[in-house]
Amino acid sequence: MSFSDSETSHGGASEYKPFKQISRDRLLYEMLRSAKSVDSKAWKVLIMDKVTVKVMSHSCKMADITDQEVSLVEDLFRRRQPLPSMDAVYFIQPSKENVVMFLSDMSGREPLYKKAYVFFSSPIPKELVNHIKSDTSVLPRIGALREMNLEYFPIDSQAFITDQESALEELYGSIENTRRFNTSLNNMATRLATVFASLKELPNVWYRSARDSDESTPTSARELVPTKLANAVWDMVSKYKSSIPNFPQNETCDLLIVDRSIDQIAPVIHEWTYDAMCHDLLNMNGNKYMHEVPSKTGGQPEQKEVLLEDHDSVWLELRHTHIADASERLHDKFTNFVSKNKAAQIQQSGRDGSEISTRDLQKMVQALPQYTEQVEKISLHVEIAGKINTIIRENELRELGQLEQDLVFGDAGAKEVINFLRLKQHTSPEYKLRLLMIYASVYPEKFEGDKASKLMQLARLSHDDMKVISNMQLLARSSNKKTPAGSFSLKFSNQKTNQAARKDRAEEEEETWQLFRFYPLLEELIENLNKGELPKSDYSCKNDPSPTVAEGSVRSRQRTQSAAPTAAPHSMRSRRTANWARPRSSDDGYSSDSTLKNVTADFKKMGKRIFVFIIGGATRSELRVCHKLTTKLRREIILGSSCIDDPPQYLTKLKLLCEPQVAMNGLGIF
């Protein structure tokens, strides 16, 4: 086994690269470009399994792969045409069935390919290595046999998932299924560990520890999930010190492992950014959005699929801004674009009835390709923002959103919730359920005894809907205080005494838009981790940093803070949107499609990376916070999770968290 000697880590690298770029570069250059023999044709075949093909598609485009002289991409388990004159690159998981299939391809007198370059996505067991070595006909045909250690799925420039949509149910649902529990946790640990192998980072592994148990309140298995994941990740990462060349021997970054219990409000509250609204209110499939475009033949409008991702410069600029700000900026962007683009000006003058000269037509033709592309981008987002604003208006979401945030910050209570449910009976069941989930998080005592049933009747929700609220307790941490039998108890934080789920930080922020004061509790956790102030009663570290390391990180932070440039004066518009959310582009839409070109210089000045992993699903607001704090703390914050959940998905998953032994009286759990 061998591993690339490329410099990718922040600690020892000569060049600091953003997280997603490292993942892409390793697949393209360290794997595909290196798979080359002198006597073979230039073009080669890439063979992947169902997991690695998703890893590849999350990091690279098909054009990127073709540029590395790959002429054909194949599925390992599909019947393939023999190409004995071509080399093959196998990017596969180290499973027994995959190894058997690879050996069947390359053994015998007539192998499918001339040479095989085999790259495993995670560490391969010794018994499988021995199995490969035992086939003497295959060994001479192997050009490389290496562990890539790259089995995670980048979904953002600063985020990745382990692609485990059912992790919440597998780890927090019916935990009697030990085999399913262990398989899910092991897959999660393996994929999370490969992040650090890929970036050559050795983390301080912080995790949310289980509360001390006693005879009356034993520690639940669910509370131990972050501890077990931290143990597994640390065991795997520790082995990299000896198995991966040039892997750091001392800690180079911080990893914080938490689960969904840290904040059960963030997944259900209405988040008012453009990104969150798109995924919450529109019928999107992942990042895919379908919209109608005029038919080229003059017939019925056609359905066109677009991806709202990093390659869209308008999306990058607007995604973390308030929906009202996004709408205003789209209007300004289109106006500025028309004023600066020749084709748009000429087309506008033609509409006004004035004649278009031959010279004007020539200018229009020259500007047309860029004009068409930019108009399509801007008009797409104008359409999306218009749909969102229509839904907000028709569903009276501003009033609901105000009540949600007032509940979170202690400015509303039972009276306001009951009045809303009485007067707004037409509100959709999903929105009423989400409101009650926030209410239960802040006022758990309001769901004791038969109070829950009365709320259910008032909201006109079914027992099936209300089961979601009762299942919130399966994620909540146990308390050392006894609760009465038949009561519904949710202990989310120590701030419940003043009936507010978190303190209002509006004065600390630059945003002035209405309904923009909500923040996920992950923001406070990251800031506390950065300052070395995580509460010891709730958080532990597998490899407790030594004082010298801690002092070094403090000095590093002080240097980066003192070196940070002073912000230039900005207009009223820019005050509405925080510095971290402002794009590096002009208002006319002529911005680069690649953020990596712009941010590399900034990342060179960053301190040590912070990785945060949320078991059970992360939210759009938590992703927004990681981008925000990267600028504020001058440390690249990378968010990881088993998946990214939007509110409708989260409600569905929470509904599945039920156990046979759970009995409900109203919503009381015995």
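Predicted model: local features only at pLDDT ≥ 70, side-chain atom pairs only at ≥ 80, totals over all residues.
As a quick reminder, strands in a sheet pair through backbone hydrogen bonds, and they can be parallel or antiparallel.

Let's zoom in on one of those pairings. Strand β7, residues 159–161, runs parallel to β14, residues 637–641, and three bridges join them. If you want one to find on screen, look for F160: its bridge partner in β14 is G640. F160 turns up again in a ring cluster, where ring pairs link it with F19, Y152 and F613.

While we're on rings, how many aromatic pairs are there? The count comes to 12. One to look at is Y90 with F102, which is edge-to-face, with 5.0 Å centre to centre and 75° between the planes. Y90 sits in strand β3 (residues 87–92) and F102 in helix α4 (residues 96–106), so this pair ties together parts that are 12 residues apart in sequence. Are these two buried or exposed? Both Y90 and F102 are buried.

Next, a couple of prolines. P267 lies in the loop between β9 (253–259) and α9 (274–281). P267 has a relative accessible area of 3%, and because the cut-off for buried is under 20%, it counts as buried. Who is around it? Setting aside neighbours within four places in sequence, P267 is in contact with R260, T619, P647 and Y650. Also, P267 and I644 are 377 residues apart in sequence, but C-alpha to C-alpha they are 9.8 Å apart in space.

Now for P648, which is in helix α24, residues 647–655. Its relative accessible area is 32%, so P648 is partly exposed. With neighbours within four places left out again, P648 is in contact with D280 and E430. P648 and E430 are 218 residues apart along the chain, and their C-alpha atoms are separated by 7.9 Å.

What about cysteines? Searching the whole structure turns up zero disulfides. Two cysteines to point at are C541, buried with a relative accessible area of 16%, and C643, which is buried at 1% relative accessibility.

Last stop, helix α7, residues 178–199. It has 22 residues and reaches 32 Å from its first C-alpha to its last, close to the 32 Å expected at 1.5 Å a residue. And which residue takes a positive phi just after α7? That's K200, at about 50°.

Notes:
Residues numbered from 1 in each chain as written. Heavy atoms only, no water. Helix = DSSP H or I, 4+ residues; strand = E, 2+ residues; numbered from the N terminus. Buried < 20%, exposed > 50% of the residue type's maximum accessible area, 1.4 Å probe, protein only. Contact = heavy atoms within 4.5 Å. Pairing = 2+ DSSP bridges. Phe/Tyr/Trp six-rings, centres within 6.5 Å; stacked < 30°, edge-to-face > 60°. Disulfide = S-S within 2.5 Å. Expected span 1.5 Å × (residues − 1).
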